[in-house]
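Here are my notes after going through the model.

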Amino acid sequence: MKAPISWLKDYVDINVDMKKLAHLVTISGSKVEAIDDLGKSIDKVVVGRIVSMEPHPDADRLKITQVDVGKEVIQIVTGAPNVSTGDYIPVALVGAQLPGGVIKETKLRGVESYGMMCSIEELNLTHDYLPDAPKDGVYIFNNEPELGMDVKEVLGLEPVIEFEITSNRPDCFSIVGLARETAVTLGTDFKKPEITVKEEGEGKASDFVSVSIRNSELCSRYAARTVTDVNIQPSPEWMQRRLAAAGMRPINNIVDITNYVMLEMGQPMHAFDLKCVDGGNIIVRSAQDGETITTLDGQKRKLDSSMLVIADENKPVAIAGIMGGANSEVTSESKMILLESATFNGTSVRLTSKKVGIRSEASNRFEKGLDSENVIKALDRCAQLIEQLGAGRVIPGIVDCYPVKPEPVKVQINDVEINRLLGTNIDKEWMFELFEKLEFEVDRDSMMLTIPTFRPDVRVMADLAEEVARFYDYNNIKPTLLSGATSTIGKKNHNQKMEDLIAQLMLSLGLFETYSFSFTSPKVWDRMRLPEEHILRDAVVITNPLGEDFSIMRTTTIPEMLGIIKTNYNRKVEEGGFFEISYVYKPIKEQLLPEERKVLTIGLYGNVDFYYLKGIVEQLFAQMNITNADYSPEKNHPSYHPGRCARVSLGNTDIGYIGEIHPEVASNFECPKRTYIAVLDISHMIENSNMVKEYSGLPKYPAIGRDIALIVDEGVLVKDIEAVIKQRGGKILEQIKLFDVYKGEQVPEGMKSVAYTLTFRSMDRTLVDEEVNKTMSKILHGLKTNLNATLRE
Amino acid sequence: MKEQLQAIANEALAKLEHVEDMKSLEEIRILFLGKKGKLTSILKGMGSLSAEERPVVGQMVNDVRKQLEEKIQNTRSELIRKEQEKNIAQEAIDVTMPGTILRTGKKHPLTQVLDEIKEVFIGMGYEIAEGPEVELDYYNFEALNIPKNHPARDTQDSFYINENVVLRSQTSPVQIRVMEKQKPPIKIICPGRVYRSDPVDATHSPIFHQVEGLVVDKGVTMGDLIGTLQVFAKNLFGEETDIRLRPHHFQFTEPSAEVDVSCWTCGGKGCRVCKNEGWIEILGAGMVHPKVLETCGIDPKVYSGFAFGLGVERTAMGRFNIDDMRLLYENDIRFLKQF
Ligand SMILES: [Zn+2]
């Protein structure tokens, strides 16, 4: 809400400068967004009149003018094409301060010039503020202001304060409301508008109009006045300036007056051409499905039964609280008008405004819920201005339909409780006086406050506490540190600590942490090669997404990790390793909320291979003390290379996959051919980790090592060989270390050589060779019978 | 014989003076002290001496041997030292060449800021609470005193899954879930991902992170809220940081405030970062609305509480001088490396 300072000053005495004012009202709750100080950088620019004009002897495009600036006549050489003798124009005198710099005495092609004629751009103004200014050229006053007068005064240039109004304070969406807040803040007088109407028209309003409200739930009050002998003219300059400064375009006197009253009083008004309201009968009713109206902006709007309209006997003439109809617009032909001042249901206006796609200054105010008690005051203010401006003759009387009159709201004030909540020691009488200034009725004996009708935000004790606190100044409340509260111990829980451990390990293994969106596009399923019925395609769908790319919640993090790799790869980053701890979302049948599972995603590309990724995962499990990990070849995950993917399980639970991304998927996502991704479920990892640590004695007796090289079918998994070794090795087998896998010369076709170092040790004695030999032959026998493995010679 | 011994000693010492390597040192040793060496042969010739002379000469031979052995030992040490010096000289490397490239990762800047925030509040006795991102409308709005069709819903346009399920637009629903389950004292922070229907640009993202805090107990005051936020701001932005509260409106707190911190760049004098205001808004806060407490089964006549919330992205951007929010979600490694 933009408030020109002079307008505010009509209703409140301001005894501080702009900066101080902005600070004080911000601290008391009316936040100042900006101060637009029109004319701030302009000085010594006055009204001048061009007395004479001659061509320049040495330049075709320049003219030599004599300009009367009041005290004297000065010579100005100008190139402006749009001025002529007799024009009143803004003149920057020698020494004048303009946004573009200081004006100096100068010579143009040998002729002296003692000033400059100004365009509105040179005065730092816009066409919004002066719509009649030429697009290009010197501004010409359309009246004859006093010569030598400061243009700031003539143009009404003044500071405009822009307030941020919160949704709970519809009363502050008005100059009067802001003036009230300002007065209480500054401790100066709030000067309520003095409204009197002469009513010089003939007859009475009810002779010309009737009002009936068919839906009082959506319209609690509708009041109308009528005006005759309407004389449509531009509104006076002062009004145009104020409207423009407040951000509204001046149109004509009647429309401007309604807008002016809305800005001033916070009550939107509307004027109908009375002859277009059939029978003069205003009917406030729900629209019929399929009904249409062409609004003032020329658009045809479809209505439905959820919307409230203002209608006559035959047709809707306005969408209630949102915009008038073109069919009843006030024009230069209008002779009699009907002025509307009404209270519509905020929610209804808000929903209708959304549906029809119009947000107007009026709807913006109605949405927040307006005060029905303000309706007549605003209507009278409107009538008063019409009389003052000679825009018409107001017919006596008001047709006021007020089916739902609200009960006054009373709240008991308890100064002790307020002080207890705030941690303050504010005097009771100080509170009473504050509430009186805020126009609450205060009964000191019963400690009962009657809430003004314009304050729907105040209903309970906490609301009173806020009123007290904001004028006491929040920053005057003494900071304390929960002196009265129970002491607590702050800590992370086990899962949170484990997640920290996981992240820490990933970082120490060289991976960069990433943050990706949890939305994704259903298009990624095809790019991931997921078949039609694949379970990952079953996702939580957003009904109002920001486009298809963000339309479902991800069921897997693979696409986002591929996206991150693509970004870096495309930007010529040679290699990269990433990890992210984030959620995937799985819809659960017959359950409102999906299951959210936290997963660890690892992504690698560059000088790495499958085993590099697996090494990371193994390190992770080692640090978490997970001892039951199992990796089995996974040929059926559609997004992974069928020969380079492992399903990871802990005990009997599958917790994810690690592997090389399928080359087709890598190419679909514009990733390098060798891209590695692991996705592992975090809570399963935590469940299987054992962080209870216990020391076991260091070995006291020497170990015996044996190297073996086995020839096996190339399809035999190392995992299976090791299972046999482990099983046959018994208690004295301490470690199995794979050191070579070889295919090629000296190994028969279709076979491979697998070489191990086995370490044997006993915890309670020194092993002798014979014992180890016996175990070795058991192992070799087991390998022979189970896997047909032979010792390589 | 004495002269002969002296001559041998002198010869040996002279030779040792010019030894250049281990091999010639060994040759000299063998020449004089070896089994067939010159000194040994003298000992062999001792048989011709008288019984009186023998111990004297024996003593002299031993003295010479000892002298030579010592000299040889010293020469050997000297040679080893020289050899080592030579080796060391040869082993000189260019220490200005770059080190071996080891892979090390970096925490995302958002995590860094989140971790700092968590640390401050854990230090003040808070626990960390988490909750679902896909949330019931009830928890995200209704229980927070924002009924259906309330205009406050417009200011945080939300993504809906259906009429009753929404992507949480704030982490406040976690507070409600905690209050429903746990009796006061409650002292938690709720960090997490939230969703609002803002298209992606330099200062907006439909997904961002918040940390909200909640304290409910007997006798909690607005002074406690202010004191807590002061400690927080000083810890996060530096000891000189000031805070300023401005009245504001939130549905779930009353009184409500927006909280500014003195500009971390200019300290409050006014600069480009704070748009010349000296203050930067980072928090929303207030005393928990009695209706919200009641909804959660906590008696507002007995208990009071405060709540606050801040955006992690904006804090991180301010902290690290990041001018475009999109960078945080792009994950360009050259960006991530900088933190
Ligand atoms: Zn600054």
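**Notes on the predicted model**

1. Domains of chain B. Chain B splits into domain 1 (2-90) and domain 2 (109-336). Taken over C-alpha atoms, the centres of these two domains of chain B are 89 Å apart. Bear in mind that this is a predicted model.

2. B:Cys263 and B:Cys266 are both buried.

3. For reference, the ideal angle for four tetrahedral donors is 109.5 degrees.

4. Cis peptides in chain B. Check two bonds here. The peptide bond joining B:Pro184 and B:Pro185 is cis, with omega about 5°. B:Pro185 sits in the loop between helix 8 (172-181) and strand 5 (186-195) of chain B. The bond from B:Glu254 to B:Pro255 is also cis, and its omega is near -5°. B:Pro255 belongs to strand 8 (residues 253-262) of chain B.

5. Aromatic pairs. Over all chains, the structure holds 25 aromatic pairs. One of them is A:Phe517 with A:Phe519, an edge-to-face pair at 6.1 Å centre to centre and 80° between the planes. A:Phe517 and A:Phe519 are both buried. Which residues are linked with them into a cluster by ring pairs? A:Phe550 from chain A, and B:Phe159, B:Tyr195 and B:Tyr329 from chain B.

6. A:Glu291. This residue lies in the loop between strand 15 (281-286) and strand 16 (292-294) of chain A. Is A:Glu291 buried or exposed? A:Glu291 counts as buried because its relative accessibility is 13%, under the 20% cut-off. The side chain of A:Glu291 reaches the backbone nitrogen of A:Gln288 at 2.7 Å. Leaving out residues up to four places away in sequence, A:Glu291 touches A:Arg285, A:Arg301, A:Lys302, A:Leu303 and A:Pro316.

7. Positive phi in chain A. Two non-glycine residues deserve a look. A:Asn124 has a phi near 65° and lies in the loop between strand 10 (115-117) and helix 3 (151-154) of chain A. A:Glu199 has a phi near 55°. Its place is the loop between helix 4 (175-186) and helix 5 (205-208) of chain A. A:Glu199 counts as partly exposed because its relative accessibility is 25%.

8. A:Asp13. The loop between helix 1 (5-9) and helix 2 (18-27) of chain A holds A:Asp13. With a relative accessible area of 36%, A:Asp13 is partly exposed. The side chains of A:Asp13 and A:Lys191 make a polar contact of 3.2 Å. Apart from neighbours within four places in sequence, A:Asp13 is in contact with A:Leu186, A:Thr188, A:Asp189 and A:Lys191.

9. A longer separation. How many residues apart in sequence are A:Asp13 and A:Phe366? The answer is 353, and their C-alpha atoms are 29 Å apart in space.

Note on methods: Residues are numbered from 1 along each chain as its sequence is written. Chains are lettered from A and ligands numbered from 1 in the order in which they are written. This is a predicted model: local features need pLDDT of at least 70, side-chain atom pairs count only at pLDDT 80 or more; totals for chains, interfaces and linings use all residues. Side-chain values use heavy atoms; hydrogens and water are left out. Helices (H or I, at least four residues) and strands (E, at least two) are DSSP runs, numbered from the N terminus. Buried means under 20% relative accessible area, exposed over 50%, partly exposed in between (1.4 Å probe, protein chains only). A polar contact is a pair of N or O atoms within 3.5 Å; within protein, one must be able to donate a hydrogen and the other to accept it, and residues adjacent in sequence count only if both atoms are side-chain atoms. Contact means heavy atoms within 4.5 Å. Domain bounds come from an automatic or database domain assignment. Rings of Phe, Tyr and Trp (its six-membered ring) pair if their centres lie within 6.5 Å; planes under 30 degrees apart count as stacked, over 60 as edge-to-face and the rest as tilted.
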